[in-house]
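Subject: Structure handover

Hello,

Here is the structure I promised to pass on. My notes on it follow below.

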Amino acid sequence: MNKHRHSIAFWAGVAIFLVAVLSMTQIVRNEYPFFAGYVILQFIALAVAWSILGGYAGYVNFGTNAFFGVGVYTAVGLFKATGAPLVVQIAAAAVIGMLLGFAVGLLTLRMRGIFFSIATIALAIIIETFVMNWRFVGGAAGIQLQRPPVMAPFDSYVKMLFFVQALLAVTAVAIARYIQNSRIGRGLQALRDDELAAECTGVPTLKLKLVACMISGALISAAGAPAAMYLQYADPSSAFNLSYSVSALAMALIGGTAHWIGPVLGAILLGSTQQLLAVTISSEVNVLVLGIMLVLFVVGAPKGIIGLLRPRYRLRAGGKP
Amino acid sequence: MTVTAAPDAPLLQVGTLTKTFGGFTALDNISVDIRKGERFGLIGPNGSGKTTLINCISGALRPQVGSVVFCGEDITQLPPHLRARRGIARSFQIPRPFKSMTVLENLMVGLDFAAVGSSLPEEDVAMSILTRMGLASKAGASTDTLSQVELRKMELARALAVRPKLLISDEAMAGLSSSEVDEVLDLLISLGEEDITIIMIEHIMQAVMRFSERVMCLDAGRIIAIGAPAEVMANKRVQEAYLGT
Amino acid sequence: MFSMDLLLGAVVLGVLLGCFYAAVSVGLSVSFGLLDVPHVAHPAFLVLASYGVYQLNESYDIDPLLAGLAITPLFFLFGLLAYRVYYETFERRGSDAGVRGIAFFFGIAFIIEVLIILQFGVDQRSVSATYIGKSWRFGEFRIPIRQLVAFAVALALTVLLAVYLSKTFMGRAIRAVAQDEEALRLMGANPVRIKQFAFGIATAVLGIAGALLIIVAPVEPTLDRAYIGRTFCVVVMAGLGSISGTLIAAIILGVAESIVLTMFGASWAPAISFAMLLGVLAVRPQGLLGR
């Protein structure tokens, strides 16, 4: 089988990518590419993590912003209370995100389809409201944060964040790839197609849904954790901004969710377009482009970019004989 | 879990099963034992509770009263996937394939999750099941390209991938031509010869007669007759239930 | 500061608010409740209608209610079109429609939001009319006349739609299509046409509802997000597709919001509808009053 060779190629690619990212932080002087690159890497992590639940399992999570915001505020709370270093903030965010994911997973017991999606929006708003009323982290007004000194070998905090986010994105991709190739992936695909038939074929649907929710949640919260240090500021309405939900969902669906590479492509493509548009035109226009692309793709190219590229996925699009 | 059933104990024991939906009683105090290796026919008019009964056996529904004992183990509270792992597989009245998968991948789900402990590579096992069901040429096909009879066969093949001790076939022949009915029936009978116990729900009477060693007829959630096929068919209440409307 | 008077005032305002919520939710009760369309963009359509009313009021000084009535036919056509696209791309193809159908309306909602921002900016907009800005005094508390107007019109709208659905031929066909599409097809009717028409009605109602929205309070482009919670809370709590249930559920929500607002302050208000929605979904998904 060439599975083994694929694995070697994948990990070699990961190593090359990380070495390239690290050397970029050592060579490039200008900070701007890192500012922009950070956002794109963050979108890769979000889109890939979203796709574990939304793509593989078919549960459309509108609450990416809930997990993201929880990640941000776990980091903020921890930093303010104990001055914990970034790594600890991220780890804590992942744990809290996983717990929230468990709660969201329990929701799948009672609801699916649009009911699940609406419930995730509800969860996001409720958590946001609590944070708004949480004085310790600044309430609705938000909170300013002073970055601690940067660690070697980096010469600027943004460059370090860029590298950290690259690690998080790679982690998300590696986990998504693992799930896709393992029987968990097949089980999720089965329950997405037909939950009862999957159960009756031996698939432990609840367990798999919980696993998918917890992993997806942990990854999203972890990707959100460094955002506070990136902006040196956090407030509930930006940390819990619904645009994280649209972006993650749109990038995953536009890229295609049948393979982990789909969300990665979607995030790179739309993320860089967004960066470009936000600079050249306005941030409203980039949300508009995202929305229009999303609608065009779900209508016209149901399997996303990878469906257009690889006929194997197009064949499975369904509907057309 | 310990399975310490006597060798001649029934494979499946359904005891005083009652299932209600709101005020409607779908199953009313159903008790029946099914022997190992038996070919069991389940008949009854529409809405008589056949599908509810097999939903209670396969775990899709939980009864309010009564128990389901399989291989000496009480499985009444187990979710469907654990029943599948213990060897209960089913097909659905309206086929429910995994639409985004190929035919072969459909079978792989059962092999991955329910049929533990096989030494052969999974794909070989899946291919041998498909060959047996006459679907080998469709292994790589998407399920929405299958004909009705192929879909029915695929459902049975997927159920076989679970390596069932008990196979429940829910109207696997509905909507098929008479030659296709014979084809599916032959497959089911040949499975029965391999020590797989089969419960078959069917409306096509010749099929039930030819297939079953024993037939049970439900009407309005109650057993109105059970016994040898000819006996049940001759029963007055069965004839009334079917023809008296 | 707790007092009986305060509570009574909150309840009265809550009932008024509740009827208004019924009017903004009743369209969703048809499109989502009866037709099973995952219409997450319903609140965005609603806010869009408010901006339409705003434009007519601003440019031609038309009374907001009349303006709402004037855009109704336009919204009817808009609804027909939206359903057509949805049907052709998702319902008919079947496979994986769930995920993509939801994403489709989510995308539409965002497109509408951004288009409103590009056209009108992010600032709040309001309308002017003779009944806006005055209030009636009843001893201790005052009731803004705008609330009373919205209440009366909302109640009339909801009752009218309920009557339409239960008494007219087309209304009954719409209810029938929700219950048994096949039976209707056998009777020679075209279920898709009926559903499309129903979706048109559900969207047309938003013309008036949008007018009420901007009469009750100023609107902003992202207001639809709060109304996702309110409208879905009402429709789910009502039991899908029940119009009388919609009215009762909306009043429950209105009173709950109003009491929380009075007791705990505005910062907790946005979470009420979402919390109730989550509670209903988790405990009784068939709705409090549902089948």
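Leu66(C) is partly exposed, because 13 other C-beta atoms lie within 10 Å of its own, and a residue counts as exposed only at 12 or fewer. Leu66(C) sits in helix 3 of chain C, residues 64-91. Take Arg146(C) as a reference point: 80 residues separate Leu66(C) from Arg146(C) in sequence. In space, their C-alpha atoms are 15 Å apart. Please keep in mind that this is a predicted model.

Helix 2 of chain C covers residues 42-60. Its 19 residues reach 27 Å from the first C-alpha to the last. That is close to the 27 Å expected at 1.5 Å a residue. Of these 19 residues, 15 are buried, so helix 2 of chain C is largely enclosed by the rest of the structure. Asp61(C) follows helix 2 of chain C. The phi of Asp61(C) is positive, near 60°.

Helix 1 of chain A spans residues 3-27. It has 25 residues and reaches 36 Å between its end C-alpha atoms. Here too the span is close to expectation, 36 Å at 1.5 Å a residue. How many of the 25 residues of helix 1 of chain A are buried? The count is two, and the helix is hardly covered.

**Where chain A meets chain C**

On the chain A side, 39 residues are in contact with 35 residues of chain C. Four helices of chain A each supply at least two residues to that side: helix 4 (86-110), helix 5 (113-132), helix 12 (242-255) and helix 14 (283-300). Which helix gives the largest share? Helix 5 of chain A does, with 13 residues. By class, the chain A side has 28 nonpolar residues, nine polar and two charged.

**Chain B as a whole**

Chain B has nine helices and ten strands. Its radius of gyration is 18 Å, close to the 18 Å that the globule rule gives for 245 residues, so chain B is as compact as a globular protein of that length. Along the principal axes, the C-alpha atoms of chain B fill a box of roughly 50 × 45 × 35 Å. Buried residues make up 47% of the 245 residues. Now take the contacts in chain B between residues at least 6 apart in sequence. Of these, 65% join residues at least 24 apart.

**Strand 3 of chain B**

Strand 3 of chain B runs over residues 39-43. Five of its five residues are buried, so the strand is largely enclosed by the rest of the structure. Arg39(B), Gly41(B) and Ile43(B) point one way. Phe40(B) and Leu42(B) point the other way. Residues on both sides are buried, Arg39(B) included.

Which strands pair with strand 3 of chain B? One is strand 8 of chain B (residues 197-201), in the parallel sense over four bridges. Another is strand 9 of chain B, which also runs parallel to strand 3 and is joined to it by four bridges. Leu42(B) has a partner in each: Ile201(B) is its bridge partner in strand 8 of chain B, and Met216(B) stands opposite Leu42(B) in strand 9 of chain B.

**An open sheet in chain B**

Chain B also holds an open sheet of four strands, in the order 2-1-4-5. The pairing is antiparallel. Strand 2 (24-34) and strand 5 (73-74) of chain B are the edge strands, each pairing on one side only. Strand 5 of chain B pairs with strand 4 of chain B (residues 65-70) over two bridges, antiparallel. Within strand 5 of chain B, Glu73(B) stands opposite Phe70(B).

Ala220(B) is not a glycine, yet its phi is positive, about 50°. Ala220(B) lies in the loop between strand 9 (214-219) and strand 10 (222-227) of chain B. Is Ala220(B) buried, partly exposed or exposed? It is partly exposed, with 15 other C-beta atoms within 10 Å.

Gln232(A) is not a glycine either, and has a positive phi of about 55°. Its place is the loop between helix 10 (227-231) and strand 2 (233-234) of chain A. Gln232(A) is exposed, with 12 other C-beta atoms within 10 Å.

Best wishes

Technical notes:
Residues are numbered from 1 along each chain as its sequence is written. Chains are lettered from A and ligands numbered from 1 in the order in which they are written. This is a predicted model: local features need pLDDT of at least 70, side-chain atom pairs count only at pLDDT 80 or more; totals for chains, interfaces and linings use all residues. The radius of gyration is taken over C-alpha atoms; the globule rule is 2.2 Å times the number of residues to the power 0.38. A residue is buried if 20 or more other C-beta atoms lie within 10 Å of its own, exposed if 12 or fewer, and partly exposed in between; C-beta atoms are placed from the backbone. Two residues are in contact if their C-beta atoms, placed from the backbone, lie within 7 Å. The expected span of a helix is 1.5 Å times one less than its number of residues. Ala, Val, Leu, Ile, Met, Phe, Trp, Tyr, Cys and Pro count as nonpolar, Asp, Glu, Lys and Arg as charged, and the others, Gly among them, as polar. Two strands pair if DSSP finds at least two bridges between them.
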